Amino acid sequence: MIGRKVIGTIVATSILAVASFALDLPANKLVDAKWLKANMGDKSLVIVDIRDGKKGIYKKEHIPGAIRWKESDIREVRYKEVPGYIGSPLQITRLMQKSGITKDSNIVFYSDGTGAGSYTIAGLAVYITEYYGFKNTAVLNGGLAGWKAAGFAVDNKTVKTKKSAWKITEMNTQNIASIYDVDSAVELKTAQIVDTRPDFQVNGTKKHPKVKKAGHVPGANYIFVGNFTKADGKVVYLDAANAKAQFAKANVDMNKPVIWYCNTSWYASGAWFAGKYLGGLKGAKVYDGSMVDYSRSPKRKFVKGNI
């Protein structure tokens with residue numbers, strides 16, 4: 001007969017053994033190529049290639065074992081005009097199930113890694129999956145370029161997945177801002193507004209093709225989304241020091257809510273990721289639809305000139 005003390009020891013040892021094999025994603029949701037390589041044998045790991053680029057880039061080369069998502073897989077176009085809305089519950093559920101993702105999966109998203117703003121699509125993927133309650137996510141710092149710079153091999157084999165039964169269990173609506181939240185921030189200063197677009201769009205010299213009016217939201221601060229990064233040769237990495245320096249330069253209060261916007265909420269989502277997970281920003285939201293939505297809304301103010 002086995003005593004209670006021995007049984008307790010066996011159970012505790014078993015729990016520790018299970019825990020030791022659990023994938024430990026960092027709190028800042030940023031992993032490097034060495035971390036990814038070291039954890040590729042973990043069955044819970046799902047690597048998602050979400051590069052923005054020409055058709056066929058996944059078939060040409062990708063990180064071994066990675067599946068492929070496109071921007072259109074996670075975003076919803078409404079009214080044939082506004083492309084920057086979070087994908088619908090049905091859309092995201094089907095994608096997660098098709099990808100074989102379960103509640104115990106750990107997802108690492110990677111982008112191209114060769115441009116100042118290239119990380120933003122990976123940040124967008126974190127933002128949208130987190131909106132739908134999925135928290136076990138991270139971004140590969142440096143993307144595919146960083147992976148290759150570390151000396152690791154690429155593959156061109158399409159990865160097959162087994163359908164899962166993943167379901168939405170919560171929706172983090174506190175991460176999203178509507179046009180009425182923006183109105184409140186403009187008129188009542190209930191939140192700080194930060195524009196993340198290139199300066200020529202901020203000052204109204206040029207505008208995005210789908211934006212009806214040039215300029216920026218009244219009272220907005222400005223941080224270009226690419227300023228959160230740092231280049232190392234041909235590879236561009238997210239950098240925590242740069243993130244914190246940008247907030248200080250723009251006089252952003254880290255303890256007050258921020259509403260990020262761009263043209264279609266793509267860059268804004270990247271800035272949300274950098275601000276929340278690298279800068280320590282509290283209460284960050286993304287204006288879904290951003291300036292394309294705002295410029296189609298009647299009688300909203302626009303300001304031209306530098307911020």
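Colleague: What volume does the largest cavity have?

Modeller: The largest cavity comes to about 60 Å³. Lining it are 14 residues, and those closest to its centre are S111, S118, Y119, G142 and V236. The elements that give two or more residues to this lining are β7 and β12 (235-238). This is a predicted model, where local features need pLDDT of at least 70 and side-chain atom pairs count only at pLDDT 80 or more, while totals for chains, interfaces and linings use all residues. Residues are numbered from 1 along each chain as its sequence is written, and side-chain values use heavy atoms, leaving out hydrogens and water.

Colleague: What makes a space a cavity, and how many of 30 Å³ or more are there?

Modeller: On a 1 Å grid over the protein atoms alone, a cavity is a set of points where a 1.4 Å probe fits but cannot get out, and a lining residue has an atom within 4 Å of a point. Points are joined across faces, edges and corners, and the volume is the space filled by probe spheres set on them. With that rule, the count is one cavity of 30 Å³ or more.

Colleague: Which strands make up the open sheet, and in what order?

Modeller: Five strands do, in the order β1-β7-β6-β2-β3, with parallel pairing. The edges are β1 (30-31) and β3 (67-68), as each pairs on one side only. A strand is a DSSP run of E with at least two residues, a helix is a run of H or I with at least four, and both are numbered from the N terminus.

Colleague: How do you know that β6 and β7 pair?

Modeller: Two strands pair if DSSP finds at least two bridges between them. Strand β6 (residues 106-110) and strand β7 (residues 137-140) have three bridges, in the parallel sense, so by that rule they pair. Within this pairing, V108 stands opposite A138 in β7.

Colleague: How does the reach of helix α6 compare with what is expected?

Modeller: The expected span is 1.5 Å times one less than the number of residues. Helix α6 (residues 120-131) has twelve residues and reaches 16 Å from first C-alpha to last, close to the expected 16 Å. Just after α6, G133 has a positive phi of about 90°.

Colleague: Why is α6 called mostly covered?

Modeller: Buried means under 20% relative accessible area, exposed means over 50%, and partly exposed is in between, using a 1.4 Å probe and protein chains only. Twelve of the twelve residues of α6 are buried, including L124, Y127 and E130.

Colleague: What makes R68 and D49 a salt bridge?

Modeller: A salt bridge needs a side-chain nitrogen of Lys or Arg within 4 Å of a carboxyl oxygen of Asp or Glu. The closest N and O atoms of R68 and D49 are 2.8 Å apart, so the pair qualifies. R68 lies in strand β3 and D49 in strand β2 (residues 45-49), so parts 19 residues apart in sequence are tied together. D49, at 0% relative accessibility, is buried, whereas R68, at 23%, is partly exposed. D49, R51 and R68 are linked in a network of salt bridges.

Colleague: How many salt bridges does a search of the whole structure find?

Modeller: The search finds ten. One of them joins K148 to E61, with the closest N and O atoms 3.0 Å apart. This pair links distant parts of the chain, 87 residues apart: K148 in helix α7 (residues 143-149) and E61 in the loop between α3 (57-60) and β3.

Colleague: Why is E61 called buried, at 18% relative accessibility?

Modeller: The value of 18% for E61 is under the 20% limit, so the residue counts as buried. K148, by contrast, has 40% and is partly exposed.

Technical notes: On a 1 Å grid over the protein atoms alone, a cavity is a set of points where a 1.4 Å probe fits but cannot get out, and a pocket is an open set with protein on both sides within 12 Å along at least five of seven lines; lining residues have an atom within 4 Å of a point.
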